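Please look over the model shown here. A short report on its parts follows.

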Amino acid sequence: MSEAERESMAEDGASEGTLAGRIEAILFVAGEPVRADELARALQVTPKELEDALDTLRDEYDFNQRGFCLKRFGHQVQLATRALYSRDVVRLLQPVQRQSLSQAAMETLAVVAYRQPVTRAEVEQVRGVKCDYSIQSLVNKQLIQEVGRKDALGRPILYGTTDTFLSHFGIASLEELPPMPERESEQKPEGETPELVP
């Protein structure tokens with residue numbers, strides 16, 4: 001078989017099978033989140049065609065309670081183990097625990113997540129301590145990123161969360177973040193003064 005014939009067969013093969021099956025194959029091999037626009041470009045389909053196929057896959061996986069599910073993290077999509085079966089996977093593989101974030105890093109990340117875009121100085125004002133190390137650590141872990149510069153003296157860097165942040169916490173968008181807890185002072189009825197402890 002000539003090289004031209006092989007190339008022709010490869011091109012013909014690209015249009016065989018269902019779009020959902022082609023998406024599944026790519027996500028399975030990728031093993032990590034893939035940007036939806038890159039997926040559409042690779043499959044040579046429109047964003048609408050891609051979204052319809054992703055919805056079909058998600059519904060099929062959910063209806064049949066397949067071992068994996070389709071996860072969306074911002075503009076990215078990924079095949080992931082269904083939580084229902086996670087204990088079985090852990091028992092077999094006994095994975096090494098992912099290094100958890102320190103308390104300082106978690107507090108810094110929370111400030112960025114809820115107040116973004118935010119500068120380092122604004123994070124430090126909320127936390128009351130220096131945050132250089134925590135911010136650099138979160139940038140290195142790709143949980144936060146530079147999103148611009150504030151129009152102020154010195155034009156400080158503004159930080160915001162990333163799609164990796166969404167993936168890390170298993171949420172599709174920032175709208176899924178739990179509401180901020182009310183401050184104690186905000187919970188007291190107007191005009192009521194706090195009791196003084198002797």
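His75 sits in the loop between strand 2 and strand 3. Helices (H or I, at least four residues) and strands (E, at least two) are DSSP runs, numbered from the N terminus. His75 is exposed, at 52% relative accessibility. Here buried means under 20% relative accessible area, exposed over 50%, and partly exposed in between (1.4 Å probe, protein chains only). Leaving out residues up to four places away in sequence, His75 touches Val34, Arg35, Ala36 and Asp163. Contact means heavy atoms within 4.5 Å. Ser173 is 98 residues from His75 along the chain, and their C-alpha atoms are 9.3 Å apart.

This is a predicted model, in which local features need pLDDT of at least 70 and side-chain atom pairs count only at pLDDT 80 or more, while totals for chains, interfaces and linings use all residues. Residues are numbered from 1 along each chain as its sequence is written, and side-chain values use heavy atoms, with hydrogens and water left out.

**The whole protein**

The protein has 10 helices and 6 strands. Of its 198 residues, 25% are buried. Contacts between residues at least 6 apart in sequence were also examined, and 45% of them join residues at least 24 apart. The protein exposes about 14,200 Å², with 52% of that supplied by carbon and sulfur atoms. These areas come from the Shrake-Rupley method with a 1.4 Å probe; for residues, only the protein chains shown count as cover.

Two strands pair if DSSP finds at least two bridges between them. Strand 2 and strand 3 pair antiparallel over 6 bridges. In this pairing, Cys69 stands opposite Ala80 of strand 3. The hairpin of these strands has 2 residues between them, and its Gly74 takes a positive phi near 65 degrees. Strand 1 (residues 34-35) also pairs antiparallel with strand 3, over 2 bridges. There, Arg35 faces Gln76 in strand 3. How much of strand 3 is buried? The count is 5 of its 6 residues, so strand 3 is largely enclosed by the rest of the structure.

**Helix 4**

Helix 4 (residues 47-63) has 17 residues. From first C-alpha to last, helix 4 reaches 24 Å, close to the 24 Å expected at 1.5 Å a residue. The expected span is 1.5 Å times one less than the number of residues. Leu50, Ala53, Leu54, Leu57 and Tyr61 are buried in helix 4. Seen down the axis, these buried residues fall within an arc of 105 degrees, so they line one face of the helix. That arc is taken from the directions from the helix axis to the C-beta atoms. On the other side of helix 4, Lys48 and Phe63 are exposed. What do the buried residues of helix 4 pack against? Their partners are helix 2 (19-30), helix 3 (36-43), strand 2 (68-73) and strand 3 (76-81). After helix 4 comes Gln65, with a positive phi near 50 degrees.

**Strands 4, 5 and 6**

Another 3 strands form an open sheet in the order 4-6-5, with antiparallel pairing. Strand 4 (118-119) and strand 5 (144-149) stand at the edges with a single partner strand each, so one side of each has no neighbour in the sheet. Strand 5 and strand 6 (residues 157-161) are joined by 5 bridges. Arg149 stands opposite Ile157 in strand 6.

Thr119 belongs to strand 4. Thr119 is buried, with a relative accessible area of 4%. Beyond its neighbours within four places in sequence, Thr119 is in contact with Lys150, Pro156, Ile157 and Leu158.

**Backbone exceptions**

Most residues other than glycine have a negative phi, and most peptide bonds are trans. The bond from Gln116 to Pro117 is cis, with omega near -5 degrees. Pro117 lies in the loop between helix 6 (103-115) and strand 4.

**Cysteines**

A search of the whole structure finds 0 disulfides. A disulfide is a pair of cysteine sulfur atoms within 2.5 Å. Cys69 is buried at a relative accessible area of 9%. Cys131 is also buried, at 0% relative accessibility.
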